[in-house]
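Hi everyone, thanks for coming.

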Amino acid sequence: MQTSYSSSRILLPVRPWFIGFSLIVALLLNFLPTAAWRGMPDWVALLIVFWSVREPRRVGMGLAFLLGVAMDVADASLLGQHALAYVLVAYGASALSRRILWFPLAQQALQVFPLLLLVQVVQFSVRMLTGADSPGISYFLGPLLSALLWPLLTFLLLLPQHQPVDRDANRPL
Amino acid sequence: MDHQPPPFFKRGPAPVALLSFYVALSVALLVVDARMQTLEVLRQALSLFTHPVQHLAHLPAQLLDNAGSYFVSVSRLQEDNAQLKRVRLENVTTLLRTQQLEVENERLRKLLGVKERQQASGQLAQILYSARDPYSRRIVIDKGQQDKVIAGQPVIDDAGIVGQVTRVFPFVAEVTLITDKEQAVPVQIVRTGQRSVVFGLGNGQLELRFLPANADVQEGDVLVTSGLDGIFLPGFPVAKVTHIERNTSYSFARILCMPLAGVENFSEVMILDPRPAVALPEHLAREAAGRDVKSTARSGLAKKKRLKKD
């Protein structure tokens, strides 16, 4: 009997509308008025990593770039700051996708953490180069929380792809 | 990624090619936005897609807010009302006198032949939320191009200067607070009349820079706008000096101030009308034009001389 969260479980093919829906929800979560809490996870970055790891053929750098520009406009930050970070992380995630999926979920989170940290580091260095003031160490708390959320997120986002468990005693396989 | 697919599996351009394309595009956007500020139109166009989503995201918070104000008790409201009435009565004497003084001031200025002071007028705006960018201190207000807001207009609240409109979108505008690291306000110390410029520090405080270590500044001194920049009207309170460090090994004193306006609070603000540009007096303008002509003529002469030398 396979456990429900194993990454080697056979899944139904993903529905494209569900990817779009989850990304829009991530944008909404990012736009919530939580500017005062610096340690909030960057939901869009997390979802881009997730889908780039799971479906590297469907979610790639183009989508990451578009989402990044949308974030830049909404965020009142430098245009291209999020776009650059998201494109880099989408590339990294899709390049590492085969390796990451090999591991159980806890170790996947460990591998995803540096990718998520990259998002913050890229943005941080871009803004430091252009002379903004530093947001403080809590800025780097977001990726840690995101990585901790990885197992839960995987379970939730793969729910629609789980096959119904039908115990057919007469089935040969 | 390392294995090249056979040509009959069409997968588009190689990932590294795509990566370099998108990275180049983002870096180009970054450089143009940071150095030239010419992407405002693109930003405004994109905001037409992002603002509805943002609005949707802010709905729950607004609903909670409204629900909270709906359940405020009657006694609390009555208390508020009584207090407001008391404050109004207290202020009415100064207000009446101010009106009379303003008229008198206008008349005296006319007698002296000095240019009349501009009346402060503007439009009310509601602060929607503070911008999510953790590197800067900005707020978003609910007036935009539709309400003829333009970049550069000063924003005040009931206690003093809040900031300046820096970016205008169709329905909202971004205000850079005076505590932002890139915002500077020309000020004047009320007690001594000394002029200087106050800079944001990015941590909610302001710094009065370039005053010598022996300058006459005391803790508690109030800074008001000097109006020399042609943007802020003179006389609006900006900040109060909270801490002075006089170290003789530096030539300037380190003076920290706190903003007087509720800069980091959520409330209503007033967008002041832009100040009209002051034209140079005629003889000065003529002189300046003449100087331009002369300088070009002189450089022409110098060129000729250089040619002769050669």
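Predicted model: local features only at pLDDT ≥ 70, side-chain atom pairs only at ≥ 80, totals over all residues.

Okay, let's begin with H2 of chain A. H2(A) has 12 residues, and its first and last C-alpha atoms are 16 Å apart, close to the 16 Å expected at 1.5 Å a residue. Now, how many of the residues of H2(A) are buried? The answer is 12 of the 12, so this helix is largely enclosed by the rest of the structure. Buried here means that 20 or more other C-beta atoms lie within 10 Å of a residue's own. Among the buried ones you'll find A:Trp43, A:Phe50, A:Trp51, A:Ser52 and A:Arg54.

And what do those buried residues pack against? They go up against H1, H3, H4, H5, H6 and H7 of chain A.

Let's pick one of those partners, H1. Quick bit of background: two packed helices are described by the angle between their axes and the distance between the axes. Helix H1 covers residues 16-31 of chain A and H2 covers residues 43-54; their angle is about 155°, and the axes are 8 Å apart. An angle over 145 degrees counts as roughly antiparallel, and therefore that's what we call H1(A) and H2(A). From the H1(A) side, the residues that meet H2(A) include A:Ile19, A:Ser22, A:Leu23 and A:Ala26. On the H2(A) side we have A:Trp43, A:Val44, A:Leu47 and A:Trp51. If you sort this contact by class, you get 9 nonpolar residues, 2 polar ones and no charged ones.

Next, something from a database. An unreviewed UniProt entry lists residues 12-29 and 136-159 of chain A under "transmembrane region". What does the model have there? Residues 12-29 of chain A are 78% helix and 0% strand, with the end C-alpha atoms 27 Å apart. Residues 136-159 of chain A are 75% helix and 0% strand, and there the end C-alpha atoms are 37 Å apart.

One more stop in chain A: A:Pro114. This proline sits in helix H6, which spans residues 105-129.

How do the two chains meet? In all, 37 residues of chain B are in contact with 34 residues of chain A. On the chain B side, H1, H2 and strand E1 each supply at least two residues, and H1(B) gives the largest share, 12 residues. By class, that side has 22 nonpolar, 8 polar and 7 charged residues.

Last one: B:Asn247, in the loop between strands E10 and E11 of chain B. With 10 other C-beta atoms within 10 Å, B:Asn247 is exposed. Its C-alpha atom and that of B:Gly68 are separated by 50 Å.

Note on methods: Residues numbered from 1 in each chain as written. Chains lettered and ligands numbered in written order. Helix = DSSP H or I, 4+ residues; strand = E, 2+ residues; numbered from the N terminus. UniProt positions renumbered as here; feature names shortened; annotations may be inferred. Axes fitted to C-alpha atoms, helices over the stretch in contact; angles between N-to-C directions. Parallel < 35°, antiparallel > 145°, perpendicular 65-115°, else oblique. Contact = placed C-beta atoms within 7 Å. Nonpolar A, V, L, I, M, F, W, Y, C, P; charged D, E, K, R; others polar. Expected span 1.5 Å × (residues − 1).
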